[in-house]
Each structure stands twice: as C-alpha cells, then as structure tokens.
Amino acid sequence: MLKRLTSKKAPKAIGAYSAATQVNNLIYTSGQLPIKEGVIPQGIIEQTKASMDNIQGILTDNGSSVDYIVKTTAYITDFADFADFDKTYQAYFKEGFPSRTAVLVSKLPKDALIEIEVIAKMKEGN
Ligand SMILES: C=C(N)C(=O)O
C-alpha cells in the first residue's frame with residue numbers, strides 16, 4: 001500500500017512533492033524546509049525548530065509521532081551551525097535518539113540553513 005500524506009500543520013509543498021508518503025507502516029517525509037507561517041525564520045536555532053515542528057505536525061496528523069522516528073537525515077549549509085542544530089534537535093526526543101545522518105550541502109531551496117527529512121513508524125493500531 002502506498003499513500004500520499006498531507007498535513008495542515010506543515011507548510012504547503014513548494015514543488016512537486018507530497019508532505020510524506022506512507023508505505024505499509026512506515027512514513028517517509030519529504031525534506032522539511034524551516035517554513036513557519038509562510039516565512040523562514042532567522043538563524044539555525046529557529047530554523048531547526050521550524051523544520052522539526054513541521055515534521056512533528058506531519059507525523060501526528062498521520063498516526064505517528066517523533067517518538068516513532070526510525071531515521072533522520074539533516075541537510076545543513078554551514079557546519080559552524082552544527083552544535084546549535086544538534087542541541088535544538090535533541091530537545092525533541094525524550095527516549096533516545098533516532099538514527100541520523102547529517103550532511104553538509106552548498107545550498108538549499110529558499111536559501112534555508114537546514115532541511116530535515118525522516119522515516120517514521122506508524123503507531124500500533126494505525
Ligand atoms: C523542499 C523540498 N523537499 C523539495 O523541493 O524537494
């Protein structure tokens with residue numbers, strides 16, 4: 001089973017992608033740019049929060065949550081931001097951290113500093 005997912009808690013796609021796709025009991029989000037209320041906030045801390053809030057919204061709207069994230073990939077444009085990104089990111093997790101890959105990239109859409117995508121399991125019964 002393959003299902004395209006949407007969420008009112010995440011920004012509208014800026015291109016040809018769905019907020020996420022569900023395959024069996026796994027949700028694959030698209031890369032979430034740090035768009036909050038239509039704008040990209042300043043700085044890596046606020047941008048990390050915005051991307052993670054978007055991910056949280058997509059997951060909770062679709063029968064999952066950040067506690068069910070299996071794997072995260074974070075794309076960052078400046079590794080000088082890494083410590084602030086990491087500290088902000090880790091506050092979203094209560095029971096250990098998902099697997100993660102952090103990748104340095106030269107540029108992101110809308111000149112964002114970060115974009116985060118996740119693979120998450122559905123909660124039992126969803
Ligand atoms: C923002 C994106 N995830 C994209 O353009 O693919």
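Residues are numbered from 1 along each chain as its sequence is written, and because the model is predicted, local features need pLDDT of at least 70, side-chain atom pairs count only at pLDDT 80 or more, and totals for chains, interfaces and linings use all residues. Side-chain values rest on heavy atoms, with hydrogens and water left out.

Helices (H or I, at least four residues) and strands (E, at least two) are DSSP runs, numbered from the N terminus. Two strands are said to pair if DSSP finds at least two bridges between them. Strand 2 (residues 20–23) pairs with strand 3 (residues 26–29) in the antiparallel sense, over 4 bridges. Ala20 has Thr29 of strand 3 as its bridge partner. The two strands form a hairpin with 2 residues between them, and Asn24 in the turn has a positive phi of about 50°.

Strand 3 also pairs with strand 6 (residues 114–121), again antiparallel, this time over 3 bridges. Here Tyr28 stands opposite Ile119, and Leu26 has Lys121 as its bridge partner. Strand 6 is joined to strand 4 as well, by 7 bridges, and these two run antiparallel. Within that pairing, Ile69 has Ala120 of strand 6 as its bridge partner.

In a regular strand the side chains alternate between the two faces of the sheet. Buried means under 20% relative accessible area, exposed over 50%, and partly exposed in between (1.4 Å probe, protein chains only).

What about the interior? A nonpolar core is a set of buried Ala, Val, Leu, Ile, Met, Phe, Trp, Tyr and Cys residues joined through side-chain atoms within 4.5 Å. The largest one has 23 residues, and Met52, Ile55, Leu59, Ile69, Phe85, Phe93 and Ile116 have the most contacts inside it. Helix 1 (44–61), strand 4 (69–76), helix 2 (82–90) and strand 6 each supply at least two residues of this core. Helix 1 gives the largest share, 5 residues.

Ser51 sits in helix 1 and is buried, with a relative accessible area of 0%. A polar atom of the Ser51 side chain lies 2.8 Å from the backbone oxygen of Gln32, a polar contact (a pair of N or O atoms within 3.5 Å; within protein, one must be able to donate a hydrogen and the other to accept it, and residues adjacent in sequence count only if both atoms are side-chain atoms). Phe82, in helix 2, is partly exposed at 26% relative accessible area. Lys94 is found in the loop between helix 2 and strand 5 (99–104) and is exposed, at 66%. The C-alpha atoms of Lys94 and Val66 are separated by 9.3 Å, with the two residues 28 apart along the chain.

Finally, the ligand is surrounded by Tyr17, Gly31, Leu33 and Glu115, where a residue counts as near if one of its heavy atoms lies within 4 Å. A backbone N or O atom of Gly31 lies 3.1 Å from a ligand nitrogen, and an N or O atom in the Glu115 side chain is 3.0 Å from a nitrogen atom of the ligand. Taken alone, the ligand exposes 220 Å², and the protein buries 69% of that (Shrake-Rupley method, 1.4 Å probe; for residues, only the protein chains shown count as cover).
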